[in-house]
Amino acid sequence: MSPRTKREKSTAGSIIELVIIVAVALGLAFGIQAFLIKPYKIPSPSMVPTLEVGQRVLVNRLETHFGDPAVGDILVFHPPKGIEESLSNCGVQHPADQACPAPTPGDADTTFIKRVVGLPGDRLRIVDGHVIRNGKRESDSYIAPCGPDGQDCDLPKPITVPAGHYFMMGDNRDNSLDSRFWGFVPDRNIVGKAFFIWMNFGNFRRFGSFE
């Protein structure tokens, strides 16, 4: 075999090896995003002051499959299908002084990001934008509280979170379309838990404790 032939075979082998490495790297990247971690951009002010419009969060898609969400967790999820018709569409008629006690059937294609404030079995009331959970007010120093004319900030008639569901609220209590309006979120709709936030490569931080 001539030196030229050897060089040509060596070059071809290197190209094939590079293609394989790139294909494996892309496969791993897509696999990680599909099954483990995925970035989301914050589209609205509903989670101010914790999350600002335009910020990005990394969401762990695996954690909630091996453990139940806790009060204080910030989750990405699919809301009930009814929000596609009306952002405040509850699944049932209910008193004006009560949060939505049942969602519309089906799941929306869009995703929301909110905070868990009620777990399965919890009895909840909303007073001046604060969650009263099983008779005790949540520790909520992270919220932007309701103003004097806040929408649905007082819902004192209690509701009980059903098994396998969660009650979600935005931290911007005056400006968040959440479970108060469209009901509980079933655990099957949870995409994952937010654990990292950044604006750009020079401004990022990991979420700390929210309780």
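Predicted model: local features only at pLDDT ≥ 70, side-chain atom pairs only at ≥ 80, totals over all residues.
Is Thr104 buried or exposed?

1. Thr104 has a relative accessibility of 13%, and because the cut-off for buried is under 20%, Thr104 counts as buried. You will find Thr104 in the loop that runs between strand 3 (74–77) and strand 4 (112–118).

2. Next, the surroundings of Thr104. Apart from residues within four places in sequence, Thr104 is in contact with Pro80, Lys81 and Gly82, and also with Asn89, Cys90 and Gly91. With Gly82 there is a polar detail to look for: a polar atom of the Thr104 side chain lies 2.7 Å from the backbone nitrogen of Gly82.

3. Gln98 is also worth a visit. Its place is in the loop between strand 3 and strand 4, and with a relative accessible area of 10% Gln98 is buried. Setting aside residues up to four places away in sequence, Gln98 touches Leu155, Lys157, Pro158 and Ile159.

4. Now to the aromatic rings. A pair of such rings is described by how far apart the centres are and by the angle of the planes. The count for this model comes to five aromatic pairs. One aromatic cluster is formed by Phe77, Phe112 and Trp182.

5. Finally, look for charges placed over rings. Phe112, a member of the cluster with Phe77 and Trp182, has Lys114 over its face, at 5.6 Å from the ring centre. Over the ring of Tyr142 sits the charged end of Arg115, 3.7 Å from the centre of that ring.

Notes: Residues numbered from 1 in each chain as written. Heavy atoms only, no water. Phe/Tyr/Trp six-rings, centres within 6.5 Å; stacked < 30°, edge-to-face > 60°. Lys NZ or Arg CZ within 6 Å of the ring centre and 35° of its normal. Helix = DSSP H or I, 4+ residues; strand = E, 2+ residues; numbered from the N terminus. Buried < 20%, exposed > 50% of the residue type's maximum accessible area, 1.4 Å probe, protein only. Polar contact = N/O pair within 3.5 Å; in protein donor to acceptor, adjacent residues only side chain to side chain. Contact = heavy atoms within 4.5 Å.
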